[in-house]
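Me: Hey, could you walk me through this one? I'd like a quick chat about it before I set anything up.

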Amino acid sequence: MSRVAQQLALFELKLMLRNPILWASAGVMLAWRTVATWSFEPAWHLETVQTATAALLVGAAAVVVTSMVTMRDSRPQTAELFSALPTGQPVRTVAVVVAGPIAAGLVVALVSVLHFVSLLGGTPAGRFDAYEVLTGVMVAALMAALGVALTRWAPTLIIAPVLIVALVWAIFQFGRNWLMPVVPIASAPGDISRPSGWHLGYVTALVILVAALALMRHGIQPARTGIAGVAAVAVGLTGWSTVSQPEANERETVKASTTYVCQRLGTVEYCAYPLFTRWISIWQGAVDPVVQGVPPKLRAHLPRVIQLPGEESLTGTNLKSTIMVTLQWGRNGGEAADRRSLASRMAAAAIGLPGGYLAVHNCDLRGQARSIIAIWLAMRAGEPPARFQQSPFDEGPNTVVYQASDLGIIDFGDEELHYARRLLAMPMAERRIWANWDRLASPKTSIAEALPLLGLRSEVPSERPREQPCR
């Protein structure tokens, strides 16, 4: 690369780094990732993949910018202007095909750093994969180089939008194909078979190959041919390694997706996937206040807390001795609902409520003494259980509407909430509840019968069950 080409590349780099199109896309990328992750604790092995995918936004802008710069030679009355310069079109191509990928890569790197810094301070899970992050940088660089190469070979303004649409469509249509520049689909709870290192090498080799092809538009020379040949060999070798590695690690991937790390903390067992063990302390923080409200002799019978990606994974699991948590946990205020839900389900299990979210039928706790105890237990961890309506997507004649709460597919009323709040403010409530636990936890004991045992007076109107009473 001649000294003139270096100086011209530096000049083009400065111009591109001041281009508003590039920085507008950077702002959109940062805003997208910030909004998407604001309410959830990050899982690094997923977040690095998603950030690399978001780099397509900057890459799309880079295609437009480099295509516009390359099209300068095709503008009216520019041929005579450029003919007076001491350098020809090949040098200008070198400058743009160097400056464009560097500018796009720097912008993506800056946005990625800012985004990951914003995720610090919580309790992130997973394994941070720097290769995935660098792949996002190289994807933007590749799209910038493609903008130069395709515009050199087909000098038309339509090439940039066509390239953007075609590339984005291919990536999301073949999201699991490792010959794509970016693979947006990451297996949960953690795909250890992702060949991120080899894939980074593959995309880097593609950038060099595309740059060489852009220069070959100006004629076949030994240096250009040699660079293109070496880059093509590198693309083939790294591409083959990228595709073959997931198959070789398939057994390890299956093991990582079905194996739990279990810890017994106090009287409750917590089981998480290996990449999520840092969240066990968070779950314990939500469950412990509930456990401390259960009589000591009954704590050994409380269910374990196990992490599952979805209800479909519960095959073979003993539902009566299991509380499910998912692959997400909130932050920045979003954790309140997760904490409340987990504490409420442990409270429901402590008094023997059936089935939780997987119960087949609705049931109603209104009028039952144990509803007060369940809500009191849940409120020891913070907020009272929430009530909400939940309907399946099936809108046919057999549609079932579930009246669900944090306690499960179970409803309760204002009467139970009122007395639970009164108990929470009573210093002797725990002693009274423990002394009468068997009777209070029985579905046959009414609220009217429980009030004297709890040291409370009737203060609010009683409510009749609106659904079938819980048994």
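**A residue in the helix**

Reply: T93 counts as buried because its relative accessibility is 1%; buried means under 20% relative accessible area, exposed over 50% and partly exposed in between, with a 1.4 Å probe and protein chains only.

Me: Good to know. What kind of model is it?

Reply: This is a predicted model, where local features need pLDDT of at least 70 and side-chain atom pairs count only at pLDDT 80 or more, while totals for chains, interfaces and linings use all residues. Residues are numbered from 1 along each chain as its sequence is written, and side-chain values use heavy atoms, with hydrogens and water left out.

Me: Where is T93 found?

Reply: In helix α5; helices are DSSP runs of H or I with at least four residues, strands are runs of E with at least two, and both are numbered from the N terminus.

Me: And which residues is T93 in contact with, leaving aside neighbours within four places in sequence?

Reply: V148, R152, A214, L215 and H218. Contact means heavy atoms within 4.5 Å.

Me: Switching to L110: buried, partly exposed or exposed?

Reply: L110 is partly exposed, because its relative accessibility is 41%. L110 is also found in helix α5, which covers residues 89-118.

Me: Zooming out, how many helices and strands are there in the protein?

Reply: The protein has 17 helices and eight strands.

Me: What share of the residues is buried?

Reply: Of the 471 residues, 49% are buried. For contacts with a separation of 6 or more, 73% come from residues 24 or more positions apart.

Me: Great, thanks!
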